[in-house]
Amino acid sequence: MIYLRYVQEYDYLQIAELLQISVHGCRKLVSKAILSLREKFGSLTLLLALLS
C-alpha cells in the first residue's frame, strides 16, 4: 500500500479498488503502516525512503 500510494502515486480510491476494500479502510491501513514504519525505523528514515 505504501508503495502504491507514495511511489506509484495512486490515490486512495484506486488502491481501495485494487484491494477491494473501502476508501476509509484504505486510509486506515496506510496510516497504520506509516506509524509502524516510524516506530521501527524512525521518522527521518521513513521520510528518506518515501522521497527516494
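Where is the place of Met1? I find Met1 in the segment before α1 (2–7). I keep in mind that this is a predicted model.

**Entry: the start of the chain.** I looked up the exposure of Met1. Its relative accessible area is 27%, so I log Met1 as partly exposed. Next I listed its contacts, leaving out residues up to four places away in sequence. Met1 touches Ile15, Leu19, Ile21, Cys26, Leu29 and Val30. I also checked Met1 against Arg27. They are 26 residues apart in sequence, and their C-alpha atoms are 9.7 Å apart in space.

**Entry: the core.** Which residues make up the largest nonpolar core? I count eight residues in all: Ile2, Leu4, Tyr12, Ile15, Ala16, Cys26, Val30 and Ile34. Three elements, α1, α2 and α3 (23–41), each give two or more residues to this core. I then took Ile15 from the list. Neighbours within four places in sequence aside, Ile15 is in contact with Met1, Leu4, Arg5, Tyr10 and Cys26.

Entry: Tyr12, Ile15 and Ala16 are buried. Why do the buried residues of α2 line one face of the helix? Seen down the axis of α2, they fall within an arc of 100 degrees, so they share that face. The general rule I recalled is that an α-helix has 3.6 residues a turn, so residues three or four places apart point the same way. What do the buried residues of α2 pack against? I find α1 and α3 there. On the other side of α2, Glu17 and Leu18 are exposed.

Entry: Leu18 sits in helix α2 (residues 12–19) and has a relative accessible area of 52%. The cut-off for exposed is over 50%, so Leu18 counts as exposed. Leu18 also belongs to a nonpolar patch on the surface, formed with Leu19, Ile21 and Leu29. Together these residues have about 330 Å² of accessible area. I note that Leu19 and Leu29 are also among the contacts of Met1.

**Entry: backbone angles.** Most residues other than glycine have a negative phi. Glu9, in the loop between α1 and α2, has a positive phi near 60 degrees. Gln20, in the loop between α2 and α3, has a positive phi of about 55 degrees. Buried or exposed, for Glu9? Glu9 is exposed, at 65% relative accessibility. Gln20 is exposed, at 73%.

Definitions and conventions:
Residues are numbered from 1 along each chain as its sequence is written. This is a predicted model: local features need pLDDT of at least 70, side-chain atom pairs count only at pLDDT 80 or more; totals for chains, interfaces and linings use all residues. Side-chain values use heavy atoms; hydrogens and water are left out. Patches are made of residues with over 30% relative accessible area and no salt bridge: like charges are joined within 9 Å, nonpolar side chains (Val, Leu, Ile, Met, Phe, Trp, Tyr) within 5 Å. Accessible areas come from the Shrake-Rupley method with a 1.4 Å probe; for residues, only the protein chains shown count as cover. A salt bridge is a side-chain nitrogen of Lys or Arg within 4 Å of a carboxyl oxygen of Asp or Glu. Helices (H or I, at least four residues) and strands (E, at least two) are DSSP runs, numbered from the N terminus. Buried means under 20% relative accessible area, exposed over 50%, partly exposed in between (1.4 Å probe, protein chains only). Contact means heavy atoms within 4.5 Å. A nonpolar core is a set of buried Ala, Val, Leu, Ile, Met, Phe, Trp, Tyr and Cys residues joined through side-chain atoms within 4.5 Å. The arc is that of the directions from the helix axis to the C-beta atoms.
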